Amino acid sequence: QLQASGGGLVQAGDSLSLSCAASGRTFSSYAVGWFHQAPGKEREFVAAIRSSGGSAYYADSVKGRFTISRDNAKNTVYLQMNSLKPEDTAVYYCAADNFAAVVGGKARSWGQGTLVTVSS
């Protein structure tokens, strides 16, 4: 199971860090990704990190602003979001599976979502 947390209300230009905590002994075997869904829009890929943490992949819209990382000892994946923009406002979800499934939005495990609101 995945539990996303860390959302909140911030101003444009601020930073926020999200966490995705997982239960289970096999967490380190899975890639984990972050997605967001803005009101009235479809869910979109944000970032993903491989099981080892050795490489990451980002949507163009967040490159250079967001950083995904993981601590397998703590069964947690993080999303550091800097220079936030109003268009980043969305519910953020984490997901886990093999890397291809995560990047393709076909992961089998999803967290419940945490709301990020960025005011202008």
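Guide: A residue is called buried when its relative accessible area is under 20%. This is a predicted model, and buried residues make up 42% of its 120 residues.

Visitor: How many helices and strands does the protein have?
Guide: There is one helix, along with 11 strands. Starting at the N terminus, the order is β-β-β-β-β-β-β-β-β-α-β-β.

Visitor: Why is it described as compact as a globular protein of that length?
Guide: Its radius of gyration is 13 Å, which is close to the 14 Å given by the globule rule for 120 residues, so the protein is as compact as a globular protein of that length. The C-alpha trace spans about 40 × 25 × 25 Å along the principal axes.

Visitor: And what share of the contacts joins residues 24 or more positions apart?
Guide: Among contacts with a separation of 6 or more, the share is 55%.

Visitor: New topic: where does T89 lie?
Guide: T89 sits in the loop that runs between β8 (76-81) and β9 (90-97).

Visitor: What does its side chain reach?
Guide: The T89 side chain reaches the backbone nitrogen of V118 at 2.9 Å. A polar atom of that side chain also lies 2.9 Å from the backbone oxygen of P86.

Visitor: Which residues is T89 in contact with, leaving aside neighbours within four places in sequence?
Guide: Those are A38, P39, V116, T117 and V118.

Visitor: Last one, charges. How many positive and negative side chains?
Guide: The protein has 11 positive and 8 negative ones, and the centres of the two sets are 8 Å apart.

Methods. Residues are numbered from 1 along each chain as its sequence is written. This is a predicted model: local features need pLDDT of at least 70, side-chain atom pairs count only at pLDDT 80 or more; totals for chains, interfaces and linings use all residues. Side-chain values use heavy atoms; hydrogens and water are left out. Helices (H or I, at least four residues) and strands (E, at least two) are DSSP runs, numbered from the N terminus. The radius of gyration is taken over C-alpha atoms; the globule rule is 2.2 Å times the number of residues to the power 0.38. Buried means under 20% relative accessible area, exposed over 50%, partly exposed in between (1.4 Å probe, protein chains only). Contact means heavy atoms within 4.5 Å. Lys and Arg count as positive and Asp and Glu as negative; His and the chain ends are not counted. The place of a charge is taken as NZ of Lys, CZ of Arg, CG of Asp or CD of Glu. A polar contact is a pair of N or O atoms within 3.5 Å; within protein, one must be able to donate a hydrogen and the other to accept it, and residues adjacent in sequence count only if both atoms are side-chain atoms.
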